[in-house]
Amino acid sequence: MHLELRHLRTIRAIHQAGGLARAADMLNMTQSALSHQVKGLEDQAGIELFVRRSKPLKLSAAGVRMLRLAERILPEIDALEDEFRALRSGRTGRLHIAIECHACFEWLFPVLELFRHAWPEIDVDIRAGLAFEALPALMREEVDLVISSDPVTVEGMTFNPLFDYHPTFVAAAANPLAQKDFIAAEDFRDQMLITYPVSRDRLDVFTELLTPAKVEPRGTRQVELTAVILMLVASNRGVSVLPDWVLRDIRSHSDYVTRPLGPQTVTKRLYAATRTEDATKPFMAHFLRLGRSEPVKLQRA
């Protein structure tokens, strides 16, 4: 028996309409064409699907079995068609994000709060567990966007620029380096450097300052949370280098001093890596616009 979706829709329409004439109108076809379709379906099944002499037209026991199948399957098909239409229009989709930047949560959550109001049907998630295998996960379509400050050339991947930032030195007001106008690599030799728990090649203080100058700090201490790093710095247990947007709330705090890395101020750029074909999707393009504008507001606060 060759059963098609149109057969299920026919059974459902005749049951709902109670007759062939009204069902034909519901299905936008002639009554003759509908009768021919029903006869062909019954010939395939080898059994009558309707009790012909009843008014309104009723389903036979076999017809009821087919109606139950239609009522189970057709709503799922209709929902799938609605989902595909929404995908084509850009109203729905998935935005799973991996982050190669611990401090990015500070600006990402405000961006996502604005994004969810504009795109409530988009499935948003942050895949922190993929942080250090993020780009391969992007190409495997396990995630849809990667926040990174280290662009690479990969076929099929686009690094969309977001905004520039300054890695900034922060220390306790009592630290002797508070007297300096800027912080050079040599200044770290006598300092305990507090960093996020990532490799040196992902830390701006090393890639932009210490490694090129071949300078080692007195010691390093890895801490997961930004708030704990700042607490330790305020207690003069070490110094740190953090993105400027993280330090917006402590710039006027008497416990801290912030200084640029110098003598030439270090500037880095943050990117959102996407699969190339995804960058122009309406919801993705909106997220990228928010990712360019909202963090700058935090920097200027």
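**Sheet packing and salt bridges in a predicted model**

Biologist: Which helix makes about 140° with the direction of β10?

Modeller: The helix in question packs on the sheet and touches β7, β8, β9, β10 and β11. It covers residues 226–234 and is helix α8.

Biologist: Which strands stand at the edges of the five-stranded sheet?

Modeller: The sheet is open, its pairing is mixed, and the order is β9-β8-β10-β7-β11. Each edge strand has a single partner, so one of its sides has no neighbour in the sheet. The twist from one strand to the next averages 30°. The edge strands are β9 (219–222) and β11 (256–260).

Biologist: How many residues apart in sequence are the parts tied together by Asp204 and Lys268?

Modeller: The side chains of Asp204 and Lys268 meet in a salt bridge, at 3.9 Å from N to O. Asp204 belongs to helix α7 (residues 204–213) and Lys268 to strand β12, so the pair ties together parts whose sequence separation is 64 residues.

Biologist: Are Asp204 and Lys268 buried or exposed?

Modeller: A residue counts as buried under 20% relative accessible area and as exposed over 50%. Asp204 and Lys268 are both buried.

Biologist: Which residue forms a salt bridge with Arg269?

Modeller: The closest N and O atoms of this pair are 2.6 Å apart. The pair links distant parts of the chain, 105 residues apart, with Arg269 in strand β12 (residues 268–275) and its partner in strand β6 (residues 157–165). Arg269 is partly exposed at 37% relative accessible area. The partner, also partly exposed at 33%, is Asp164.

Biologist: What is the relative accessible area of Arg6?

Modeller: The side chain of Arg6 meets that of Glu4 in a salt bridge, with 2.6 Å from N to O. Glu4 is partly exposed at 27%. Arg6 is partly exposed as well, with a relative accessible area of 42%.

Biologist: Which residues are buried in α1?

Modeller: Helix α1 (residues 5–17) has 13 residues and reaches 18 Å from its first C-alpha to its last, close to the expected 18 Å. Just after α1, Gly18 takes a positive phi of about 80°. Within α1, the buried residues are His7, Leu8, Thr10, Ile11, Ala13, Ile14 and Ala17.

Biologist: What distance separates the C-alpha atoms of Trp119 and His286?

Modeller: Trp119 sits in the loop between α5 (105–118) and β4 (122–126). Trp119 has a relative accessible area of 16% and is therefore buried, the cut-off being under 20%. Trp119 and His286 are 167 residues apart along the chain, and their C-alpha atoms are separated by 9.2 Å.

Definitions and conventions: Residues numbered from 1 in each chain as written. Predicted model: local features only at pLDDT ≥ 70, side-chain atom pairs only at ≥ 80, totals over all residues. Heavy atoms only, no water. Helix = DSSP H or I, 4+ residues; strand = E, 2+ residues; numbered from the N terminus. Expected span 1.5 Å × (residues − 1). Buried < 20%, exposed > 50% of the residue type's maximum accessible area, 1.4 Å probe, protein only. Salt bridge = Lys/Arg side-chain N within 4 Å of Asp/Glu carboxyl O. Pairing = 2+ DSSP bridges. Axes fitted to C-alpha atoms, helices over the stretch in contact; angles between N-to-C directions. Contact = heavy atoms within 4.5 Å.
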